[in-house]
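Below are a few exercises, each with its solution worked out step by step.

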Amino acid sequence: MKTNAFKSLAMTGLLLVAVSVFSQQPVVDLTTPLAVDPNVKIGKLDNGLVYYIRKNKKPEKRIELRLVVNAGSILENDDQQGLAHFMEHMNFNGTRTFPKNELIDFLQKTGVKFGADINAYTSFDETVYMLQLPTDDSVLVENGYKVLEDWAHFALLDNKEIDKERGIITEEWRLGLGAQDRMMKKFFPIIFKGSKYADRIPIGKIEVIENFKYETLKNFGIGQICRQLYWLVTSTRQKRKRRSKPILAA
Ligand SMILES: [Zn+2]
């Protein structure tokens, strides 16, 4: 899965360009909330989970499910740098309903290609999990919601799996080294001077990734400490039956 520091950076760049282009324009009140698409239905379940639903005509017979965790690398302490992203990876290495590799098996059965940075990403402020499923198989869709529930708070965090993942993320970190990474390390401290964004690049620190204690990850566990920070986003053309129970336990 990928981290999105550069995407955030690109947004910052766009913002700077926009500021300079429109510097002669009247001042915009930045505290005004952005308008919400009136076609989006927003609600809240009893357990606090906020959901957003939007009906789309295309692609046909597909539902897109997203679990948006309002937590990313910015919440990490010094000894946790990289653990928001690590946690995201661990959600694919065994969960309560899908132990071991069963989640990968499930995703592949749905036609979702796994391991191509398409199922999740971690950024400074959010971790997002995504599933696009065919709607003509109601069991599959039901299982899709179970996947989201597990991603929210049922990662098994098996010690052996954690150790295996250290190697995978180290490789991801190594592949991310290069000109872009060197530039980022130069101008992030300037752009974000005085802010935690300057030193919370989502991929984290290699010394943390290689050496953190199992308990450090378990304590960080986004699912445990940020349970109030979830949004469910679905996009579908078809009406779904009202669920008899909340998607996530409180
Ligand atoms: Zn990753």
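**Exercise 1: a loop residue**

Leu157 is buried, as 20 other C-beta atoms lie within 10 Å of its own (buried means 20 or more, exposed 12 or fewer, partly exposed in between, with C-beta atoms placed from the backbone). A word on the ground rules: this is a predicted model, where local features need pLDDT of at least 70 and side-chain atom pairs count only at pLDDT 80 or more, while totals for chains, interfaces and linings use all residues. Residues are numbered from 1 along each chain as its sequence is written.

Task: Find where Leu157 is placed, and work out what its phi is.

Solution. Step one: look in the loop between α4 (138-153) and α5 (helices are DSSP runs of H or I with at least four residues, strands are runs of E with at least two, both numbered from the N terminus). Step two: read the backbone; phi is positive, about 50°, although Leu157 is not a glycine.

**Exercise 2: another loop**

Task: Which peptide bond is cis in the stretch with Lys58 and Pro59, and is Lys61 buried or partly exposed?

Solution. Step one: the bond joining Lys58 and Pro59 is cis, with omega about -5°. Pro59 sits in the loop between β3 and β4 (62-69). Step two: Lys61 is found in that loop between β3 and β4 too, and its phi is near 55°, positive in a residue other than glycine. Step three: count neighbours; Lys61 has 13 C-beta neighbours inside 10 Å, so it counts as partly exposed.

**Exercise 3: a hairpin**

Task: How many bridges join β2 to β3, and how many residues of β2 are buried?

Solution. Step one: strand β2 (residues 40-44) and strand β3 (residues 50-54) run antiparallel and are joined by 5 bridges (DSSP must find at least two for strands to pair). Lys41 stands opposite Ile53 of β3. Step two: the hairpin has 5 residues between its strands, and Gly48 in the turn has a positive phi of about 100°. Step three: of the 5 residues of β2, the number buried is 0, so the strand lies largely in the open.

**Exercise 4: two helices**

Task: At what angle do α2 and α5 pack, and which residues make the contact?

Solution. Step one: helix α2 (residues 83-90) and helix α5 (residues 159-175) pack at about 115°, with axes 10 Å apart (axes are lines fitted to C-alpha atoms over the stretch in contact, and angles run from 0 to 180 degrees between N-to-C directions). Step two: α2 contributes Phe86, His89 and Met90, and α5 contributes Glu161, Ile162, Glu165, Ile168 and Ile169 (contact means C-beta atoms, placed from the backbone, within 7 Å).

Methods: Contact = placed C-beta atoms within 7 Å.
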